[in-house]
Amino acid sequence: MKRSMVAIAAAIVGLAGLTVVGVASVGGAEPPGHLPDPRIAASEGQTIDLSSVRVIREFEEPEGEIRWTVVTYRGSEGPCMDVYAESLAGGDSAKTGGCGEPQGPFMWGIGGVEVGGRWFNLVDGRGPPGATSMRVTLGDGRSLEATLVEGTYLLVIPGERATFDVKLIQAVGPGDQVSSVHPPSVSAVRQKAAEAASEASDLE
């Protein structure tokens, strides 16, 4: 799933043969009403079908602090999913998302946004047909369960950006049948990105 780098840092996304890593500054979520912006899509070389836009879910986490909205739609590069974060205190919002076909058994993405003065790590995507939930094993050994809502999942994990990592993402089906993805180390990718940025700076 190719990320539109509106407000995401060090995102790693499972795509058909592609891993995307990017860093961008945090900005306001746009356009109003949680609709994908055709201008941004055009700048990325794709078109989107606005008639296919659906708000899948909205929830607060932490409750009373940040509202999360998941939006899906179709793009010329495949199915798309955007995540909007809004501070309920007002004046601060962020967005991340992208389009593409899955690499492996299901679509997954790892990234994060800063909103309300805090960093939130995100694990999101679409589960495979027949899955009932998603299980995510973090680098610190914790195992978290994500509910599938119309085939999509989103885990919001407050914490440090630098130390966050994901070891395993599993789709769980009837009878506890499991399909799995072992994503590349987030921390290792960040380190390589930092080294590449440093080398580029040295060449200037």
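Pro 184 counts as partly exposed, because its relative accessibility is 33% and the partly exposed class lies between buried (under 20% relative accessible area) and exposed (over 50%), judged with a 1.4 Å probe and protein chains only. Pro 184 sits in the loop between strand S13 (178-181) and helix H2 (186-203). Helices (H or I, at least four residues) and strands (E, at least two) are DSSP runs, numbered from the N terminus. In sequence, Pro 184 and Leu 168 are 16 residues apart; in space, their C-alpha atoms are 9.4 Å apart.

The model is predicted: local features need pLDDT of at least 70, side-chain atom pairs count only at pLDDT 80 or more, and totals for chains, interfaces and linings use all residues. Residues are numbered from 1 along each chain as its sequence is written, and side-chain values use heavy atoms, with hydrogens and water left out.

Confidence was examined next. pLDDT is the predictor's confidence in each residue, from 0 to 100. The chain averages a pLDDT of 79, and 76% of the residues score at least 70. Over residues 2-32, pLDDT stays under 50. For this stretch the model has 110 contacts beyond four places in sequence, a contact meaning heavy atoms within 4.5 Å. Where pLDDT is low, the predicted coordinates should not be read in detail.

The chain contains 2 helices and 13 strands. Of its 204 residues, 47% are buried. Among contacts between residues at least 6 apart in sequence, 53% join residues at least 24 apart. The accessible surface comes to about 9,400 Å², and carbon and sulfur atoms supply 50% of this surface. Areas come from the Shrake-Rupley method with a 1.4 Å probe; for residues, only the protein chains shown count as cover.

Thr 72 lies in strand S4 (residues 66-75). Thr 72 is buried, because its relative accessible area is 7%. Beyond its neighbours within four places in sequence, Thr 72 contacts several residues, including Ile 56, Cys 80 and Thr 152. Ile 56 belongs to strand S3 (residues 48-60). At 12% relative accessibility, Ile 56 is also buried. Leaving out residues up to four places away in sequence, Ile 56 touches Val 70, Thr 72, Val 149, Glu 150 and Thr 152. Ile 56 and Glu 150 are 94 residues apart in sequence, yet their C-alpha atoms are 7.1 Å apart.

The chain has 1 disulfide, defined as a pair of cysteine sulfur atoms within 2.5 Å. Cys 80 and Cys 99 form this bond, with their sulfur atoms 2.0 Å apart. The torsion about the S-S bond is about 105 degrees, so the disulfide is right-handed. Cys 80 lies in strand S5 (residues 78-87) and Cys 99 in strand S6 (residues 93-99), so the pair ties together parts 19 residues apart in sequence. Cys 80 is buried at 0% relative accessible area. Cys 99 is buried at 3%.

The structure also holds 1 aromatic pair. Rings of Phe, Tyr and Trp (its six-membered ring) pair if their centres lie within 6.5 Å; planes under 30 degrees apart count as stacked, over 60 as edge-to-face and the rest as tilted. The ring centres of Trp 68 and Phe 120 are 5.5 Å apart and the planes meet at 80 degrees, so the pair is edge-to-face. Trp 68 is in strand S4 and Phe 120 in strand S8 (residues 118-126), 52 residues apart. Both Trp 68 and Phe 120 are buried.
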